Structure formats: C-alpha cells, structure tokens
Amino acid sequence: PAGQHLLVDIKDVDSAFLNSEERLASAMVELISESKLTLLSYHCHSLVPIGVSCAGVLLESHVAFHTWPKEGVITMDLFTCGGNPLIPVLPSIRNLFGVPRTPAEGEDEGDIPEPTLLWSHKLRGFRDGFAPGYDRYRNPLDTDLGQFVLGKLDFDLKEEILSTKTAFQNVDVYDVLNPGAKSMDSYLKSLLNDGSYESTHPEQFGPDRILFLDGVIQSTRYGDAPYHESIVHPAMITHPNPRRVAIIGGGEGATLREVLKHNTVEKAVMIEIDEGVVELSKEHLPQWQDCSNIAHHEKCAEWCFDDARVDARFEDAMAYFIDNFSDDVEHEEAAYDIIIMDALDPNDDIEFAVELYTSDTYIRSLYNALTSNGILVVQVGEVPVSSSPADETGRFANRSVMQKELERAGFQSLHVYEEGHSGFMGPWSTLVAFRDIQTRENWYRNGAEIELQLQKRILQTKSGDSSLRYFDGATMSSYQLPPSSFEVIHCRQKGVPTDCENSVWTSKTVANETRMGGAYNPVIERHNREALHSREYARDNSHHWKEALLN
C-alpha cells in the first residue's frame, strides 16, 4: 500500500496552449506514453470563460492538471502505485507542457522568459512492515534527499545534476536555490555580462550544490568550507608538527584538500572504499578537489589527488587499520600524527556504520596507529538539543559507545565541539581524542596565537593571501568549550554521574577523576577552572600539567 506523488507547477507558459483542450489532451497522452504508464481513460473539459481541466485514469493511478491561460500557469499532479520512479518523467513534463509564450506584435523574442518549473516528489503510503525486507536507509527517496530536497515545492530552482550508483552506494547531486537564502532575480543577473555586482561576483548568487550518498547529505557548496575546514584545521593546528595524516572516507576530496594546505604535511594517506565517488566528484564537484590556489608550491598540484604527498588507497579503511595496527600484529606501517574519520554518521542504521563507531578492535587499532602525541578526529553527527535523551539511550547510542571505547583504548582526553554552518539540517559535532594530554594544551591558545600559527603553517595563494576561507583564530576560540547540550545529555546518563551533582570541585579531586577515567567530561570542562581538561587551567597552569598528573 504505497505510491509516489509528483506535483508540478509551471509558469510563463503560452496562453493559447493552456486554453486548448485538444493540445493539452494530446500532451497528456504523449506524457503517459513516454512515461511507460498505462492510460485507461481521460477527459478534458474547457471552462468558461477560460481555462482547461484534464484528468486521466491510469492503471497505476491517475494524472490531473488545471490551467490559468491569462496568468500562463499550469498545475499538475501525477500519482502512481507502480514501482517505476517518477522523477525521470520531469524532462517529458517540461518538454510537453512548458511551451514558451508566443511574442506579441513588436515584442522581442529575447525578452520572453523561459517557462519555470517547480516540483516536488513524495513517497506516499506505507512500506515498513508491508514490503518484505524494506529498509528505508537503503532508499534514497526515503532519507535526506527525499525529505529536504525532492519533497520541497518552494525551491525556485531544483535540478538533478547526477543520479547514479557506484559499486557501493547511490550517488545523487542536486542544484537547489532556496528563496529563503538566495534570490532568483540575483542569480539570473549573475549569469549576465552587464557589469553589475551580481555578474562580477557570480559565486555569491548561484544555487547550492548538494551531494547525497544513499540519500544522506554529505556536503554542500556553501557549507563546504565551514564543514571541511572545521573538521581538519582545529586538530592540525593543535598538533605541533603534523607530518603524516590519514583520512578515513572523505571521497569527495575536500578533507584531503584542507590537509594539504599545511606546510608540515609530508604524507597524506586517504583510505576510501569507493573510488567511484572520487571520480564522480571530480566531474560534478570540482571545487571540492581543487588545489589550484596552492599549486605553485613544491609538490602541490592543480588537482588535489595529483599532489606528490598524496597516497590514495581505495580499500576498506577498517580492515586497513586492523590489519596494520591491531595489538596482535607487527606494526610495519609508520604511525600517523593525525587521523581524520570523515565517514558515515554514528546514527546511520547500517551494519558498517555501527562497526565504525563501536568495534573495540578497530578503535584500539586507531589508537595504535597514532604517534605518542597524535590526535584522532571523528565527525560524530548532529548536535543534540536540550530536550534530547542521553546518547546511550537515544539515536546516537553508537556515539556513546565510541566515547567509552576511546577512553578504554587509552586516549587521555576527549573533546567535542560544534559547527553550525556546514550546510546540514542542524549544527554538526566533531570529536577530538588526544593520546597525550599535554598536546591538548595547544587547543586552548588564544585567537592571536592561533592566527600567528596559521600564518606560519598554512600555504598561501599566489596573491599571498591565506588559502583558508572560513577557519581563523576567532573560529577556533568558539570550538574550545563543548556545546552545553552535550553537558545536558551527559548528566542524563543512567545513574547520574557524580560530577553532575557537585557544583564545587577541587583540583585534587579533578586530578583523581582524570586518572580514574575522566577523559570525557563536558561538565568539568565547562565549569571548573581547576580542571586539567579546562581552558582556564591550560592557559594559566600549562607548565604544571605534567606535574599535576604525576602527583
């Protein structure tokens, strides 16, 4: 008991066409034929004084539309219970019903606007519990792609750039222009060569380009810099000298692009199981893999993957780390200073995602793969809200398990921060895990110190500017304390943690808690100036860190 519903609105259509019962009926019959649907019967009726309504009964369900000739508008809905997808029907609808207006006498044909098509696609009915083996997480139309893009009717522009399958997953790329964020008039002006501000700065007015893997949002054009710079540079600038960096996932190439901007990097190993995503991104998301602004530096290249420092391995990252760095194997591979896990979300309900965040063997291998002062970076999904349950009992149970496994593996300090401009449906969180607690001292440097370090570290463009578009010292300062919502859900764990009940902590108590397994504690971190994990302690007592831990 399920179907698909396609709603289409078209404006700037020829009025004569919209008032012709015969032409509209012919277009409907042709649409059904091109769509491989079965027309059982149809009827079109001319209205008084103007307009036409048509309805067709299909073996699969129905098609219906109504016209407003004076306004040049037609609205249509097509519903089917068949298994064939409806989105591929859109080009036929555009060609058959998007008839351009005929110029009036003396009117320049170039002034006639092209018909504009707005549409939405929704899954209807019930699949879970009725279709044997149905998994909504394996149907792109039932996840982010369907909910936040295809199902929206109010986007001024919504264009499919790519919809295909690799050996591992579905890949979809869409261009969208949300009227709440961008103006269609400004976008059209940006396409002209008229010397206007819009035409000389087209990058500010174009549609957003969104990448979906198995229907889940992975990256957006306008969220590219905030997301990828925020997942890479905080840890990279915290480490005193990151020479070897490993990236898990990141197939679109932007995480690699950001790593390569650091002049300390000698080797960047990217382990991505799906080579198809890399190749498709090169063609359809070229900005994500564009290193041309640093290509004049030694070993760099126009295309990030041609950089002499890059070693791209298309294999299972989990198997790579377990095979090379687990406790019971000889470690022949050199250790990494930074490991960045830019892979599936912790709440993805698929087996591989669960293993990435919960396998003790894998997490221990990540620990072993780091140098003594190495840092692990993991994107850990959407930031909770104040009403969220504890991670361990909610959708993010895998995130809770990973925090515990990281601590058990030996990481000395864990920290979570958020970035709210990544282009997703909400703020996104990143976890950094420090093998050595002293390394974290650099995490709390002030904005001026970070700016100085960035000047020394980041490769400049040909013009001498920074190659960073988003990250700076002030941004880093905003990452130094965990979001308050993580403190709230920490205190909602089963058996309220003692730190949630104590408003006053002594430095000795905090030190004891740290040695007893307090690597992750957003309460102490946010509120206790004496805490070894606090910003204030790091800034005021940095030379006492090792002494405090030993005594």
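**Strands, cores and a surface patch**

Reader: Let's start with a detail: which residue in β9 is the bridge partner of Val 171?

Author: The bridge partner of Val 171 in β9 is Leu 213. This is a predicted model, in which local features need pLDDT of at least 70 and side-chain atom pairs count only at pLDDT 80 or more, while totals for chains, interfaces and linings use all residues. Residues are numbered from 1 along each chain as its sequence is written, and side-chain values use heavy atoms, with hydrogens and water left out.

Reader: And in what sense do β8 and β9 pair?

Author: Strand β8 (residues 170-177) and β9 pair in the antiparallel sense, over six bridges. Strands here are DSSP runs of E with at least two residues, helices are runs of H or I with at least four, and both are numbered from the N terminus. Two strands count as paired if DSSP finds at least two bridges between them.

Reader: What about β9 and β10, how many bridges there?

Author: Four bridges pair β9 with strand β10 (residues 216-220), again in the antiparallel sense, and Leu 211 has Ser 219 as its bridge partner in β10. The hairpin of β9 and β10 has two residues between the strands, and Asp 214 takes a positive phi near 50 degrees in it.

Reader: How many residues of β9 are buried?

Author: Six of the six residues of β9 (208-213) are buried, where buried means under 20% relative accessible area, exposed means over 50%, and partly exposed lies in between, with a 1.4 Å probe and protein chains only. Side chains in a regular strand alternate between the two faces of the sheet. In β9 both faces are covered, with Asp 208, Ile 210 and Phe 212 on one side and Arg 209, Leu 211 and Leu 213 on the other.

Reader: Switching to β3, which residues are on its covered face and which on the uncovered one?

Author: The covered face of β3 (residues 52-58) holds Val 52, Cys 54, Gly 56 and Leu 58, whereas Ser 53, Ala 55 and Val 57 make up the uncovered one. Seven bridges join β2 to β3 in an antiparallel arrangement, with Tyr 42 opposite Gly 56. Five bridges join β3 to strand β4 (residues 61-68), also antiparallel, and there Ala 55 stands opposite Ala 64.

Reader: Which residue takes a positive phi in the hairpin of β2 and β3?

Author: That residue is Gly 51, with a phi near 110 degrees, in a hairpin that has five residues between the strands. The hairpin from β3 to β4 runs through two residues.

Reader: Which residues make the nonpolar surface patch?

Author: Leu 40, Val 57 and Leu 59 make a nonpolar surface patch of about 300 Å². Patch residues have over 30% relative accessible area and no salt bridge, with nonpolar side chains (Val, Leu, Ile, Met, Phe, Trp, Tyr) joined within 5 Å and like charges within 9 Å; a salt bridge is a side-chain nitrogen of Lys or Arg within 4 Å of a carboxyl oxygen of Asp or Glu. Areas come from the Shrake-Rupley method with a 1.4 Å probe, and for residues only the protein chains shown count as cover. Leu 40 sits in strand β2 (residues 39-46).

Reader: Why does Leu 40 count as exposed?

Author: Leu 40 counts as exposed because its relative accessible area is 54%.

Reader: On to the inside: how many residues has the largest nonpolar core?

Author: The largest nonpolar core has 81 residues, and those with the most contacts inside it are Val 8, Ile 93, Phe 97, Trp 119, Leu 256 and Val 259. A nonpolar core is a set of buried Ala, Val, Leu, Ile, Met, Phe, Trp, Tyr and Cys residues joined through side-chain atoms within 4.5 Å. A second, separate core of 37 residues includes Ile 248, Tyr 336, Phe 411 and Leu 414.

Reader: Is Phe 97 buried or exposed?

Author: Phe 97, found in helix α3 (residues 90-97), is buried because its relative accessibility is 0%. Not counting residues up to four places away in sequence, Phe 97 touches residues including Ile 10, Phe 17, Met 28 and Phe 65, where contact means heavy atoms within 4.5 Å. Phe 97 and Met 28 are 69 residues apart in sequence and 8.7 Å apart in space, C-alpha to C-alpha.

Reader: And the whole protein, how many helices and strands?

Author: The protein has 20 helices and 17 strands, and 52% of its 551 residues count as buried.
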